[in-house]
There are 2 protein chains.
Amino acid sequence: MPRTSDISQKLIMLRKAHGLSQRKLAKRSGVSNGTISIIENGGNLTVSMLKKILNGIPMSLSQFFAEDVVGNDPKIFFSKTELTELSEGGVSFKQVGGDLYGKAIQLLSETYAPGATTGHHALRHDGEECGMILTGYLTVTVGEKTQTLGPGDAYYFHSSAPHSFKNDGIEVCRLISACTPPTF
Amino acid sequence: MPRTSDISQKLIMLRKAHGLSQRKLAKRSGVSNGTISIIENGGNLTVSMLKKILNGIPMSLSQFFAEDVVGNDPKIFFSKTELTELSEGGVSFKQVGGDLYGKAIQLLSETYAPGATTGHHALRHDGEECGMILTGYLTVTVGEKTQTLGPGDAYYFHSSAPHSFKNDGIEVCRLISACTPPTF
DNA sequence: GTAATGTGTTTAGTATAATGAGCAAGTTAC
DNA sequence: GTAACTTGCTCATTATACTAAACACATTAC
């Protein structure tokens, strides 16, 4: 048996993040304390066992195995500025690190609710733009080209080309994009 | 043992969707055929076993447990270019959408293994740089300022200031950053 | 016909996941 | 001090996940 594993590391992290000892977690999840110890040291475990343990966190299997995604509750910004939000019609733009107007680059954290769109009259402005889908699916139209992108997919284009975004999926789409120069 | 379960149902669906018999899937994933049968009838199974089986589909644990059962294989890059990786010493830079040298902007998907660093002799180059932590923690030093950032946190600075990155945590740190102009 | 392949299931044996008590070390209280 | 409590880990025992081979039933070939 391996000395450690991704699962064990993740469990340890989760347990400690919730301020629980092995015994407390064992009690909460109805598992023996010895089992927790073995698993945290890299032992194998059944899916149902993992489910029971996560139940004491609490957390779902889906959450546990989720490709990690942007955290919520924004905190300190190293850039000393706040994160500002511009939201309308299910589309939300968050200017990461605050408004950097006048700077050469702007990072945005965007979310598109299911069905949300920037509108079919496409946007046009100066600069360049690229982004990467974190979760969900987004249909991107640039000029006459349309592509539906999923997690891990990316786009890049000159902003002078007419472009629009739409979430045709059933789940929220989140992405990170960068554009230059800032247009907001 | 239950006569059926969500996991077994999902596995059956997946196997059939790929036109595989129990024996074929067993062969592909290096598992005994009997085990497949038992599991499909609701038997319990270890996480590593599930991983092995999914390996023959193929599918990741993350995908298997994902809430959405939408299509997979994200591959196409809307920018028509490939994602290239530059990795050394636990630090990995992935140029999202390929090398955009000559363009005004470059999006990077970066990962820092626990303990990994860009080196204490700080980097200096032209342009501006900003990024956002997705998972894990990263200690960012710019000039004389040092800050440890977590998920959702962001940084922004002029690249001409000496800067370095280090993962002091115990888990992998992943972030998305954008810089201009590209320096790779 | 029956021989050869395919399917999913069952079974005996073995490897190992899980239990719960007990261990050693470290805090805190008094 | 030492008594009460915590921490995580170890160990014999029990429960069970997993294997490999055999089973029962199909379909196809000749």
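How far from a phosphate oxygen of DNA strand D does a polar side-chain atom of Ser37(A) lie? The distance from the polar side-chain atom of Ser37(A) to a phosphate oxygen of DNA strand D is 3.1 Å.

## Basis of the model

This is a predicted model, in which local features need pLDDT of at least 70 and side-chain atom pairs count only at pLDDT 80 or more, while totals for chains, interfaces and linings use all residues. Residues are numbered from 1 along each chain as its sequence is written, chains are lettered from A and ligands numbered from 1 in the order in which they are written, and side-chain values use heavy atoms, with hydrogens and water left out.

## Surface near DNA strand D

DNA strand D is surrounded by 19 residues, the closest being Ser21(A), Gln22(A), Arg23(A), Thr35(B) and Thr46(B); a residue is near a strand if one of its heavy atoms lies within 4 Å of it. These residues divide into three nonpolar, eleven polar and five charged, where Ala, Val, Leu, Ile, Met, Phe, Trp, Tyr, Cys and Pro count as nonpolar, Asp, Glu, Lys and Arg as charged, and the others, Gly among them, as polar. At least two residues of this surface come from each of α2 (22–29) and α3 (33–40) of chain A and α4 (47–55) of chain B, helices being DSSP runs of H or I with at least four residues and strands runs of E with at least two, numbered from the N terminus.

Of the atoms of DNA strand D within 4 Å of the protein, 70% belong to sugar or phosphate and the rest to bases. Phosphate oxygens of DNA strand D lie 2.9 Å from a side-chain N or O atom of Ser21(A) and 2.7 Å from a polar side-chain atom of Gln22(A).

## Surface near DNA strand C

Sugar or phosphate accounts for 62% of the atoms of DNA strand C within 4 Å of the protein, and bases for the rest. A phosphate oxygen of DNA strand C is 2.6 Å from a polar side-chain atom of Thr35(A), and corresponding distances are 2.8 Å for an N or O atom in the side chain of Ser21(B) and 3.1 Å for a polar side-chain atom of Arg15(B).

## Strand β5 of chain B

Four of the five residues of strand β5 (residues 138–142) of chain B are buried, that is, under 20% relative accessible area, with exposed over 50% and partly exposed in between (1.4 Å probe, protein chains only). β5(B) pairs in the antiparallel sense with strand β8 (residues 163–166) of chain B over four bridges, pairing requiring that DSSP finds at least two bridges between two strands. Within this arrangement, Thr139(B) stands opposite Lys166(B) in β8(B).

Terms used
A polar contact is a pair of N or O atoms within 3.5 Å; within protein, one must be able to donate a hydrogen and the other to accept it, and residues adjacent in sequence count only if both atoms are side-chain atoms.
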